[in-house]
Amino acid sequence: MAEAAQSAHEGDTTRRDFIYIAGASVGAVGVAATIWPFIDQMNPAADTRAMSTTEVDLAAISEGQQIKVMWQGKPVFVRHRTPAEIASAQRDDFATLKDPQTDAERLVQENGEAGQPAWLILQASCTHLGCVPTFVEGSSFGGWFCPCHGSDYDTSGRIRRGPAPKNLHVAPYVFTGPTAIRIG
Amino acid sequence: MSGPSTYEPQSGITRWLDRRLPIIRLAHDSFVAYPTPRNLNYWWTFGAMLSLCLIVQIVTGIVLAMHYVPHINMAFASVQRLERDVPFGWLIQNIHAVGASMFFLAVYIHMFRGLYYGSYKAPRELLWILGCVIYLLMVATGFLGYTLPWGQMSFWGATVITNLLGALPLVGESIKNWLSGGFSIDQPTINRFFSLHYLLPFVIAGVVALHVWALHETGQNNPVGVEVKSKADTVPFTPHATIKDLFATTLFVILFAVFVFYMPDALGHADNFIPADPLKTPPEIVPEWYLLPFYAILRAFDFNIGPIDSKLAGVLAMFASIGVLFILPWLDTSRVRSMRYRPIARQFFVIFAVVCFVLGWCGGQNPGNILFKVAPFEATLNWIDGGQVTERSIQASSAGQWQEAADAAREEARAQGAAMTAVIRTGATTGTIRAVTGGSAQTRSVHGDTADLLEEHITEVKEEVGQAAPFFSIERSSPARFTVTNLSLLLTIYYFAFFLLILPILGLRERPERVPDTIAKPVTGEAQGAS
């Protein structure tokens, strides 16, 4: 009897150790499983995620015009660029850029196919702190200008001056017809 | 600190209660018999005001929640209805809105008091940290509350702040979507912000209870920073501190009332009276005045620091500026509590206070605003009037040799008598060169106060000259200048240096002033007579 007690005392693992570890593990899993729904409920809900694509008819947008459409609750610029804007965007492909990208790279569709130079689809939120840039003719680069902190973008939506670290993000889009696109 | 309880129930009912739930005893020991240092000055009265503020915010907030509708299309109108139609809604809404500002005013004075008199030093480290927790909760509550009226500033403030979290690497975007419950600030956001704005004040109340508990365990610090040694150094909380707090709080309430009744909107931003519009950014986005210093720190970085881009650097600095307060008790190495006896530290403290104010000013300014510059922005435009333009293409053998090919083409054109050339790169290895021969060289200088004005003047000249010039060569010179961002960076550096360098080093090097005789020598006998 004394021998058995001693071996239990000195032994590396006992039934009791196992019960402690198993009990604590079940408890930890239980706590995690209980907490997770309370954390996950704050993520975008199914209806919010369902509204994740937007169809745009391009036929109504004439050259030099731009419309703002809502995609996932955020504004997106759909710009019908003039030949002058396209030329200026392509000319600056080799200018000194903070976030180097060619105009052609910025037109690529979500499926990897090349876009059309006339149509530029951009997320309308400044990469600095998310304000909506305005299309100002007097912007130093002929493109977008953020009124919040003065970030200046060119006709390809590339950052040229100001605090924004990145070019305006291209919204993921595909041409679903000659004059129709789907965003998202 | 408090010692054994001196409460003696006077009536049968209180004796009955005391044996079952000694709640009157607790109140008596905490707010009547509690010994308070007899040398406390008026800077020690802000705790009482803060308690009042919390109660006022909770009471008015509960009433507002009875009328407020947390819906993107109805929130703004429901606040307007509160102000116009609900009986006394205008009063309660204004008290709540002004109350937030008064709460922060009092808490800042309370914090500077603690900083000056070393109230964070042993044994009050935990008391200080609990205070920092309360402050952090207040900032969160204030921000959430400011979102609820769903005006332009509410919406865009929330957008800017949630985008801050997007700056974090890898997890940023997920956290941002998790917090706003969607891909932008929308209905799920306003709903949860309302819920949390209602919850947090009660969390604050809980932490305040811990803060007071910790305070009553260690006892109050006092202006000389020397621990009270005997009962003779203290007076009972009631009536001494009670009356003093009441008097100071009365003055505070008068100031409060002046704002509520005479200028209820003076502390807010006019843009928040425009309903939120996700498609239109206000010309400037600024937080409420009490968060401006942190906003200035956020925007102080306009350059990348190694792998950390400027945006993340700003976010980290902003959180660190509050985080550093939590470890302050271990940063200050001086054994002397009160800066009354630290002549050098006192001067750095005054600079620190000024820095905080100026940071607040910077936070309200457009960061690109130029404070000083050595000369105006200048540009020289050169063009050829009435020359012959020739155009030729350039082909480089590889992208790496583009520069050489362009230079060679330019040399060649000049050798052929061109007065001016312009090279335009159209591809990795291709480009065109335009050269003008003959004609008369023209030059014009323009200058402007800002880079934007200069560009405007350049455009004016170009339009004026028009087709007469095939192209322009423009040399721009920007003067050395000092902007609000540069100033914010300097102030941010001082802010952190004060905590991370000055206090740790000064504490070891500084020679404190001599302890006055009134403290060093026992004079308690006389003091007892005076009380």
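Is Ala428(B) buried, partly exposed or exposed? Ala428(B) is partly exposed, because 14 other C-beta atoms lie within 10 Å. On the cut-offs: a residue is buried if 20 or more other C-beta atoms lie within 10 Å of its own, exposed if 12 or fewer, and partly exposed in between, with C-beta atoms placed from the backbone.

This is a predicted model, in which local features need pLDDT of at least 70 and side-chain atom pairs count only at pLDDT 80 or more, while totals for chains, interfaces and linings use all residues. Residues are numbered from 1 along each chain as its sequence is written, and chains are lettered from A and ligands numbered from 1 in the order in which they are written.

Back to Ala428(B), which sits in the loop between strand E6 (418-425) and strand E7 (430-437) of chain B. Helices (H or I, at least four residues) and strands (E, at least two) are DSSP runs, numbered from the N terminus.

Staying in chain B, take Glu288(B), in the loop between H10 and helix H11 (292-298). Glu288(B) is buried, because 21 other C-beta atoms lie within 10 Å. Gly268(B) is 20 residues from Glu288(B) in sequence and 6.6 Å from it in space, C-alpha to C-alpha. Setting aside neighbours within four places in sequence, Glu288(B) is in contact with Gly142(B) and Tyr146(B). Contact here means that the C-beta atoms of two residues, placed from the backbone, lie within 7 Å.

Next, helix pairs in chain B. Helix H5 (residues 89-116) and helix H10 (residues 237-262) of chain B have axes that come within 10 Å and cross at roughly 135°. Axes are lines fitted to C-alpha atoms, for helices over the stretch in contact, and angles run from 0 to 180 degrees between N-to-C directions. H5(B) and H10(B) are therefore oblique to each other; angles under 35 degrees count as roughly parallel, over 145 as roughly antiparallel, 65 to 115 as roughly perpendicular and the rest as oblique. On the H5(B) side the contact involves Asn94(B), Ile95(B), Val98(B), Met102(B) and Ala106(B), and on the H10(B) side Phe252(B), Phe256(B), Phe259(B) and Val260(B). By class, the residues of that contact are 8 nonpolar, 1 polar and no charged. Ala, Val, Leu, Ile, Met, Phe, Trp, Tyr, Cys and Pro count as nonpolar, Asp, Glu, Lys and Arg as charged, and the others, Gly among them, as polar.

The second pair is helix H7 (residues 152-166) and helix H8 (residues 172-180) of chain B, whose axes come within 7 Å and cross at roughly 145°. The contact of H7(B) with H8(B) has 3 nonpolar, 5 polar and 2 charged residues.

Now chain A. An open sheet of 3 strands there has the order E2-E3-E4, with antiparallel pairing. Two strands pair if DSSP finds at least two bridges between them. E2 and E4 of chain A are at the edges with a single partner strand each, so one side of each has no neighbour in the sheet. The twist averages 25° from one strand to the next.

Strand E2 (residues 66-71) of chain A is joined to E3(A) by 6 bridges. Across that pairing, Lys68(A) stands opposite Phe77(A), and Gln66(A) stands opposite Arg79(A). The hairpin of E2(A) and E3(A) has 2 residues between the strands, and Gln72(A) takes a positive phi near 55° there. On to strand E4 (residues 119-123) of chain A: 5 bridges join it to E3(A), and Val76(A) has Gln123(A) as its bridge partner. How much of strand E3 (residues 74-80) of chain A is buried? The count is 6 of the 7 residues, so E3(A) is largely enclosed by the rest of the structure.

Chain A also has an open antiparallel sheet of 4 strands, in the order E5-E6-E7-E8. E5(A) pairs with strand E6 (residues 142-145) of chain A over 2 bridges, and Thr134(A) stands opposite Phe145(A).

Last, the contact between the chains, which takes 24 residues from chain A and 29 residues from chain B. The chain A side has 12 nonpolar, 9 polar and 3 charged residues.
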